[in-house]
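Today I'm looking up a pocket and a helix pair.

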Amino acid sequence: MKKLLPAIALGPIMAISLQAAENKDFNYHVDRFADIEVLRYEVPGFKELSLQQKKMLYYLSQAAQAGRDIIWDQNGRYNLQLRHLLEKIYTGFSGDRESADWKAFDLYMKQVWFGNGIHHHYSNDKFTPGFSQAFFEQQVALLPDSELPLADGQSREELVAIMDKVIFDPSFMAKKVSQDGSQDVIVASATNLYGDGVTQQEVEAYYDKLKDPNDATPISYGLNSRIIKNADGEIEEQVYHLNGLYGPAIAKIIYWLDMAKSVAENDAQKAYITKLIDFYITGDLRTFDEYSILWAEDTASDVDFVNGFIESYGDPLGMTASWEAYVNFKNKEASARTETISGNAQWFEDHSPINPDYRKPVVKGVSAKVINASYLAGDAYPSTAIGINLPNANWIRAAHGSKSVTLENITEAYAMASIGNGFNEEFVIDAPTSKLLDEYLYITDMLHTDLHECLGHASGRLKPGVDPDALKENGSTLEEARADLFALYYLADPKLLELGILDNPEAYKAEYYKYMLNGLMTQLNRIELGKDVEEAHMRNRQLIAKWVLENGKKDKVVELVKKNGKTFVKINDYAKMRGLIGQLLAEIQRIKSEGDYKAGNDLVQKYAVKIDPKLHKEVLDRYSKLDIPPYRGFVNPVYTVVYDNDGEISDIILDYTESYPDQMLRLGRENSNL
Ligand code: ZN
């Protein structure tokens with residue numbers, strides 16, 4: 001549960017000074033549809049890498065591609081079949097491309113690609129098609145049987161009947177992941193992590209039986225399995241591994257990981273790749289823990305990657321992980337910043353404004369680095385995190401430390417693509433605040449990510465015997481809030497000036513303003529009128545912002561004020577705001593350390609979920625005039641392999657010209673492994 005997603009786009013951002021773009025004319029904009037903008041990212045420094053490193057990145061990018069179908073299937077059981085069918089229609093269409101039906105179909109195809117299935121990647125709601133059922137059925141009728149993605153024994157009529165339901169019935173598989181604790185969250189979720197007829201109570205009872213509260217080094221139960229009801233009506237785990245569920249895709253991943261191992265940078269890296277391959281072969285979660293420890297402890301390699309079942313946001317119970325991959329290499333210049341922070345991890349822990357019993361007496365090996373991403377896949381594509389901190393297992397983090405990674409070139413692409421979008425003029429209260437954001441938001445935003453990942457998630461400890469899953473469906477939201485609060489608290493600390501990371505004691509105010517503006521108002525742009533806040537990071541951000549607003553009311557720390565009929569965030573007392581942040585951090589740390597489900601749930605329900613409909617409508621109206629997409633994601637660069645006369649690889653070149661549909665169709669052709 002340790003990844004940081006980008007907040008809403010801000011801009012213009014002038015102070016992009018950390019890493020100058022390699023190419024001033026680089027075009028970040030690729031595609032724009034519905035609530036999405038697709039960008040591309042540059043990979044600075046790739047050309048200067050050694051051939052061996054380039055080869056490793058290439059093999060790892062192939063290992064990343066190879067697992068693509070896994071996330072599609074995890075997100076919903078009909079997603080792969082639907083994608084195959086839609087792509088056949090998409091590529092074979094010979095009708096009128098100006099017709100409303102075609103345009104709506106084209107849009108739906110792009111949305112399904114972006115969601116890795118029929119649900120929105122962020123809201124988890126099912127997409128609504130704008131084309132008619134008759135149009136769809138006509139297009140299917142034009143395809144010969146040999147082109148249809150028929151399941152074993154399935155007839156054409158049966159395929160059309162189920163696909164009609166999947167596309168056009170809004171009540172069928174309506175929500176990918178439901179976090180509504182008043183219902184059975186498994187029954188209410190369309191995710192394919194659970195089979196038919198499985199209930200929340202049965203799953204919880206199943207794992208309660210397996211879990212030993214006295215086990216100091218528990219495996220991550222359910223991390224890599226689908227839960228079904230077998231023929232006898234008993235709960236059974238279908239484990240993801242070479243000879244199990246998703247075996248054909250896993251076989252390809254293993255092949256490419258093995259190639260990567262052959263060009264690994266050192267023995268430590270070879271050792272953890274070997275462990276990861278072992279894990280993919282057996283599905284044994286003890287092996288996964290061994291791999292995670294080796295991976296976290298390798299801080300010497302420049303090339304690095306994540307490839308596996310890692311984050312559990314896609315599971316309503318927060319146990320089973322979605323498949324994802326990141327391929328990257330170290331940005332040495334920018335890493336100096338995070339190395340300074342992680343080098344002082346113990347100081348930050350010792351001064352944290354929480355109950356001293358819940359501080360870590362010894363912070364173990366928090367390593368932090370800044371990287372440039374060179375390939376994104378699975379649940380990290382097209383929408384990606386801007387920071388990651390792994391491994392996730394609490395006991396590994398406590399005993400062996402964790403690795404924290406800030407994705408600099410991705411953050412930079414977001415910032416560059418936002419220049420001149422009119423956001424500040426519309427939403428920021430006055431010129432001095434705008435100026436503050438221009439000067440300090442980029443650096444404080446990066447620092448917020450660093451502190452969130454490298455120190456926030458790594459800080460604190462549980463009371464002995466407390467179940468790490470005790471906060472249940474609120475676990476992700478409260479964990480993200482804890483990490484954000486830690487980061488916000490220390491952004492305003494004079495220690496950062498002393499360490500030479502910031503040069504102005506006022507700089508933190510830029511991030512404080514943006515955080516309140518985003519949490520109280522602008523992130524609402526991502527939500528349809530009438531709906532609640534659902535996604536864990538958004539809930540966390542609203543929780544903090546609303547809590548600070550409400551608890552600072554009597555001192556007027558932060559206010560929502562009206563100017564020319566528009567609502568603005570006004571921060572009157574930044575120092576007091578920091579005090580409130582420290583208070584809330586202490587309370588959320590207590591909730592986590594003691595596993596206080598009730599207090600956590602009360603906080604989430606009171607502050608994180610509900611939206612004032614009047615303010616919501618105002619934000620949507622003001623945004624619509626700006627045409628800023630609420631969500632953004634990325635296409636990857638294309639790896640072009642250059643061979644010499646002997647057929648050996650002599651170079652690898654990145655190409656940045658592929659369009660969004662071309663990339664999606666190519667990935668479908670090259671990686672239909674399930
Ligand atoms: Zn996080």
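What volume does the second largest pocket have? I found about 720 Å³ for the second largest pocket. A pocket, on a 1 Å grid over the protein atoms alone, is an open set of points where a 1.4 Å probe fits, with protein on both sides within 12 Å along at least five of seven lines, and lining residues have an atom within 4 Å of a point. Volume is the space filled by probe spheres set on the points.

Ground rules I jotted down: this is a predicted model, where local features need pLDDT of at least 70, side-chain atom pairs count only at pLDDT 80 or more, and totals for chains, interfaces and linings use all residues. Residues are numbered from 1 along each chain as its sequence is written, and side-chain values use heavy atoms, leaving out hydrogens and water.

Next I checked the lining. Of its 34 residues, Asp-35, His-120, Ser-123, Arg-526 and Glu-528 are the closest to the pocket's centre. Helices α6 (156–168) and α23 (613–626) are the elements giving two or more residues (helices are DSSP runs of H or I, at least four residues, numbered from the N terminus). α23 gives the most, with 3 residues.

Then I turned to the helix pair. α3 (residues 79–92) and α24 (residues 660–670) pack at about 125°, axes 11 Å apart (axes are lines fitted to C-alpha atoms over the stretch in contact, and angles run from 0 to 180 degrees between N-to-C directions). Arg-83, Glu-87, Tyr-90 and Thr-91 in α3 meet Pro-661, Met-664, Leu-665 and Gly-668 in α24 (contact means heavy atoms within 4.5 Å).
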